[in-house]
Amino acid sequence: MSSIVLFGPPGAGKGTQATAIMEKTGLPQVSTGDMLRAALSKGTELGLEAKEYMEAGKLVPDELILLLIEERLKEKDAEKGVLFDGFPRTIPQAESLAKITQVSMVISIEVPDENIVERIVGRRMDPETGEIYHVKFKPAPSEIQDRLIQRKDDTEETVRSRLNAYHTQTAPLAGFYEELGILRRIDGNQDIVDVTNSIIDLLV
Ligand code: AMP
């Protein structure tokens, strides 16, 4: 069992690129953000506990995240490894992950801070397919425009705290994985297809 981690700041394009990597590797995507949003909309205890952190753009405590991950990795489709998206986000999460599964590659999608706000504030999602669009960089077809939704935490104010959490708590993980020799850096500030192609080159 060997897993891949998609790493990068909020709005780097991890979710968008996850689809291409899933197709190429067959690994299922495990997005802690998606799992937390699902828990929240179901109204589970964990979802309710996570809510205030998410809405404030802060990281949810490691214990809650690790419970989610442990449960998810017990599922049958995770047997051969998974594609982590948005996890791990702290050194303790990465240390715990190392005890439960082998990570073969960490793909770091790099985007400068000055581009992040525009990327996040213009982000929209199709609730029917889960497909992610952007008002400027990846406009949705006109027939589905009316049903698109915007994430509650995709506001300019919340992005600032999410970026702050990224720099203080998550960015140090790059050094952690670099030391293990498995960090691969990708320029995330190119066209979506060029980012995908650079990632696919790493996977062959
Ligand atoms: P994302 O969809 O990955 O941007 O995550 C949305 C929000 O969920 C984050 O701003 C955090 O509040 C929370 N979250 C997602 N994944 C994690 C994680 N691995 N550790 C802590 N908090 C997380």
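Okay, let's start with a pair of helices: helix 6, residues 113–121, and helix 7, residues 156–170, pack at an angle of about 135°, and their axes are 10 Å apart. A quick word on terms: helices (H or I, at least four residues) and strands (E, at least two) are DSSP runs, numbered from the N terminus. Axes are lines fitted to C-alpha atoms, for helices over the stretch in contact, and angles run from 0 to 180 degrees between N-to-C directions.

Before I go on, this is a predicted model, where local features need pLDDT of at least 70 and side-chain atom pairs count only at pLDDT 80 or more, while totals for chains, interfaces and linings use all residues. Residues are numbered from 1 along each chain as its sequence is written, and side-chain values use heavy atoms, with hydrogens and water left out.

Back to our pair. Helix 6 and helix 7 are therefore oblique to each other. Here is the scale: under 35 degrees is roughly parallel, over 145 roughly antiparallel, 65 to 115 roughly perpendicular, and the rest oblique.

Contact here means heavy atoms within 4.5 Å. The residues of that contact divide into 6 nonpolar, 1 polar and 4 charged. For those classes, Ala, Val, Leu, Ile, Met, Phe, Trp, Tyr, Cys and Pro are nonpolar, Asp, Glu, Lys and Arg are charged, and the others, Gly among them, are polar.

Staying with helix 6, its buried residues are Ile116, Val117, Arg119 and Ile120. Buried means under 20% relative accessible area, exposed means over 50%, and partly exposed is in between (1.4 Å probe, protein chains only). The cover over those buried residues includes strand 5 (123–125), strand 6 (132–134) and helix 7.

Follow the chain on from helix 7 and look at helix 8. The axes of helix 7 and helix 8 come within 5 Å and cross at roughly 35°. His167, Thr168, Gln169 and Thr170 of helix 7 make the contact with Pro172, Leu173 and Ala174 of helix 8. By class, that is 3 nonpolar, 4 polar and no charged residues.

In helix 8, residues 172–179, the buried ones are Leu173, Ala174 and Tyr177. Looking down the axis of helix 8, these fall within an arc of 105°, so they line one face of the helix. The arc is that of the directions from the helix axis to the C-beta atoms. Among the elements covering them are strand 1 (2–7), helix 5 (91–100) and strand 7 (183–187). Just after helix 8, glycine 181 has a positive phi of about 75°.

Now compare that with helix 2. In helix 2, residues 32–42, Thr32, Gly33, Met35, Leu36 and Ala39 are buried. They cover an arc of only 165° around the axis, which puts them on the same side of helix 2. Ser41 and Lys42 are exposed on the other side of helix 2. The buried residues of helix 2 have cover that includes helix 3 (45–56) and helix 4 (62–73). And just after helix 2, glycine 43 takes a positive phi of about 75°.

One more helix pair. Helix 1 (residues 14–25) and helix 9 (residues 192–203) have axes that come within 10 Å and cross at roughly 35°. Helix 1 passes helix 9 in a right-handed crossing. Their contact residues divide into 7 nonpolar, 4 polar and 1 charged.

Let's finish with two prolines. Proline 9 sits in the loop between strand 1 and helix 1. Is proline 9 buried or exposed? At 4% relative accessibility, proline 9 counts as buried. Leaving aside neighbours within four places in sequence, proline 9 is in contact with Lys14, Ile109, Val111, Ile116, Leu163 and Tyr166. The C-alpha atoms of proline 9 and arginine 162 are 153 residues apart along the chain and separated by 8.5 Å.

The other one is proline 88, in the loop between strand 3 and helix 5. A cis peptide bond joins phenylalanine 87 to proline 88, with omega about -5°. Thanks, everyone!

How values were computed. Left-handed = near helix turned anticlockwise from the far one by under 90°.
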